[in-house]
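Reader: I would like to check the labels on a structure. Please take me from each value to its name.

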Amino acid sequence: MANLRAPYSARRLALGVFGLLLAALLLFPRQSQGLFQYLDGPVGQVVRIPLEIVASVDEGLAGIWHHYIALQDVQTVNDRLRQDMEWLRGQNSQLREAAAATERLTSLLQFKAQALPMMMAAQVIGRDATNWYRSVILNKGDSDGIKPDMGVITPAGVVGRVVKTTGGTSVVLLMTDSNNAIAGLIQRTRDEGIVEGTHQGYAKLKYIPLLSNVREGDRVVTSGLVGGFPRGLAIGTITRIDKEEGALFQTAELTPEVDVSRLEEVLIIQAPYGTSGEAGGGVDFAGKSRP
């Protein structure tokens, strides 16, 4: 009886060849597939099918890897574009702010040139952080010739008056502060009174004569009789009239012409003047036609 058992060395050789084929199959599936396509016989038939499966899986993994690399590149480009967009947004914001400041300063210079040569432009650099006073701090002071009681305005109208100065700054008490008082004039009726601030941030015109026919919608301007303001500067519009029985005067609530909560640049009146004409006719100090 022939000995069917292979010698020990032959089995080792067969296992070695099988190991090499398996390693080639796993490490180089596509190359191995091309090689085994030319093989014939039982080995080629047995190895071809799993080799094709492994090659297919390898191609799939390679495709996924290439897609991953491509996505990494897209992510890098997106991050760079996002940074560029944020930088452009910042530049756009700065340009808008510069354009708005230029427009405001141009308006101030035109207003100063046409009506009030004895004024100085100043910037608001601070606000009162307490609830005791409504005031702002300007970047002009004693060294610039600014003194207490000087009036402060914008092209829209009255802001307040200077109450304290240092070398390089000054404190302006706003017209909406209850401690402030400005001589006012009802433009239509020519009745005079005193404008004071209220605790609610508005203003009121006091001491209006009882016989005055003042009504809602009337405009109030500076009378120019006392204080640091010339005649005719806009103060506010009357929104309500209080006339109590037995009282000696009427009182009216005003909505200020200037939004004092958004001040950025103002003009300080260094020397009031009285030669611009009578209030109530022609063109007011803001360049608007008066009713």
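Author: Trp65 has a relative accessibility of 52%, so Trp65 counts as exposed. The model here is a predicted one.

Reader: What makes 52% enough for Trp65 to be called exposed?

Author: The cut-off for exposed is over 50%. Trp65 stands at 52%, so the label is exposed.

Reader: Why is Tyr68 called partly exposed?

Author: Buried means under 20%, exposed means over 50%, and partly exposed is in between. Tyr68 has 42%, so Tyr68 is partly exposed.

Reader: Where do Trp65 and Tyr68 lie?

Author: Both are in helix H3. They are 3 residues apart, about one turn of the helix.

Reader: How do you know that Trp65 and Tyr68 are an aromatic pair, and why is the pair called tilted?

Author: Ring centres must lie within 6.5 Å to pair. Those of Trp65 and Tyr68 are 5.7 Å apart. Planes under 30 degrees apart count as stacked, over 60 as edge-to-face, and the rest as tilted. The planes of Trp65 and Tyr68 are at 35 degrees, so this pair is tilted.

Reader: How many aromatic pairs does the whole structure have?

Author: The search finds 2. Tyr207 and Phe249 also form an aromatic pair.

Reader: What makes the pair of Tyr207 and Phe249 edge-to-face?

Author: The angle between the planes is 90 degrees, and the cut-off for edge-to-face is over 60. The centres of Tyr207 and Phe249 are 5.6 Å apart, and the limit for a pair is within 6.5 Å.

Reader: Why is this pair said to tie parts together?

Author: Tyr207 lies in strand E8 and Phe249 in strand E11, so the pair links parts 42 residues apart in sequence.

Reader: Are Tyr207 and Phe249 buried or partly exposed?

Author: Tyr207 has 40% relative accessibility, so Tyr207 is partly exposed. Phe249 has 41%, so the label is again partly exposed.

Reader: Why is Asp149 called partly exposed?

Author: The band runs between the buried limit of 20% and the exposed limit of 50%. Asp149 has 49%, so Asp149 counts as partly exposed.

Definitions and conventions. Residues numbered from 1 in each chain as written. Predicted model: local features only at pLDDT ≥ 70, side-chain atom pairs only at ≥ 80, totals over all residues. Heavy atoms only, no water. Buried < 20%, exposed > 50% of the residue type's maximum accessible area, 1.4 Å probe, protein only. Phe/Tyr/Trp six-rings, centres within 6.5 Å; stacked < 30°, edge-to-face > 60°. Helix = DSSP H or I, 4+ residues; strand = E, 2+ residues; numbered from the N terminus.
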